[in-house]
Amino acid sequence: MNRYLRINHDSEIPKYKQVVNIIISDIESGIFKKGQRVPSINETSEDLLLSRDTVEKAYVFLKKKGILSSVRGKGYYVNQVSVFKKLKVALILNKLSNYKRSIYYSLIETLGTKASVDVFIYNYDLSQFEDIINDQISSYDYFIILPHFKSDNQQAVNIIKKIQKEKVLLIDRNIESLKEYPVVYQEYEKDIQSALGNGIDLIRKYKKINLVFPSNQYYSRYIVRGFQIFCQVNDLPFSIIEEFSDNNVKKDEAFVLVSDEDLYQFIKVCKSNDWKLGRDVGVVAYNDNSVKEILEDGITTISTNHDEMGRIAAEMIVNKNFYRIKSPFTFIKRNSL
């Protein structure tokens, strides 16, 4: 990556101060360790496309602060790694939702006073996502990204790779071409199979099982594939409903609902027909939350632990120990199935 992308030439922050912030950020992130030589003034000048005088001013400032030391004829070295700088974290979301709020609150609770978290939303739009990255690339120590895009994953990958690799942490979705990046991910195709498998005896009580998967919203198509495999392996009659309507709801059938909006409409239809969830129709909803726990005597859900995802991501940052981990996915039985 060309580090000159980290200098914001339109910023009111002086360029030498931006260099100072970059080096401090790199030290805090563990890129430069105590006693390690940092790039020379000339190297940094060329790398950031800045004048030598600007970079030298930054190095002199860091030396006065005791963060760097210099050895005549050899260069500058990291003298102090704990510079008491509060970490800045950018949480970049495709959209707001209940489970993303859970990730956010768990993240800030675990980070505590060690970091501040700012939220950016790109609404599945690649151009908005790129603008966020370009505008903020030099402003944050870490970027936690939920990489959900409607199309053109390669362009998204190219945008993410503009950021220094050591500062990127992915959440929720694993992208194959970013397999060298740390991630806390769901495995959509296998998750739905294993979770519904835990409720197979309940599902068999119904004549048919339907997946309501809205085509006008973005959800991983691997959910559909996993659902189809589950039904075929277990010899279950099934259908995929891409646009929910009142006429879709039929007695003695079970429904897996991906969208919360469809779930609420589904409940209205059942009430109008005087049908009881778990008796006349079966319901399984995606992404557990406290509302689903108390709604209609309890909605059965299949869900990852979003609080845990946020906690793991925060601990990676605090401990500077980054890795790849699959988030557990569970079947939570309640009275709707």
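# Rings and strands in a predicted model

Reader: Is F227 buried or exposed?
Author: The relative accessible area of F227 is 0%. Buried means under 20%, exposed over 50% and partly exposed in between (1.4 Å probe, protein chains only). F227 is therefore buried.

Reader: Which atoms do the side-chain values use?
Author: The model is predicted: local features need pLDDT of at least 70, side-chain atom pairs count only at pLDDT 80 or more, and totals for chains, interfaces and linings use all residues. Residues are numbered from 1 along each chain as its sequence is written; hydrogens and water are left out, and the side-chain values use heavy atoms.

Reader: How many aromatic pairs does the structure hold?
Author: Rings of Phe, Tyr and Trp (its six-membered ring) pair if their centres lie within 6.5 Å; planes under 30 degrees apart are stacked, over 60 edge-to-face, the rest tilted. The aromatic pairs number 15.

Reader: At what angle are the planes of F227 and F238?
Author: The centres of F227 and F238 are 5.9 Å apart. The pair is edge-to-face because its planes are at 85 degrees.

Reader: Which strand holds F238, and which helix holds F227?
Author: F238 is partly exposed, at 29% relative accessibility. Helices (H or I, at least four residues) and strands (E, at least two) are DSSP runs, numbered from the N terminus. The pair links distant parts of the chain, eleven residues apart: F238 in strand β9, F227 in helix α9.

Reader: How many residues of strand β11 are buried?
Author: Both faces are covered: G282, V284 and Y286 are buried on one side, V283 and A285 on the other. Strand β11 (residues 282–286) is largely enclosed by the rest of the structure, because the buried count is five of the five residues.

Reader: Which residue stands opposite V283?
Author: Strands pair if DSSP finds at least two bridges between them. Strand β10 (residues 253–257) joins β11 by four bridges, in parallel. Opposite V283 in β11 stands F255.

Reader: What is the bridge partner of Y286 in β12?
Author: Strand β12 (residues 300–304) pairs with β11 in the parallel sense, over three bridges. The partner of Y286 there is I302.
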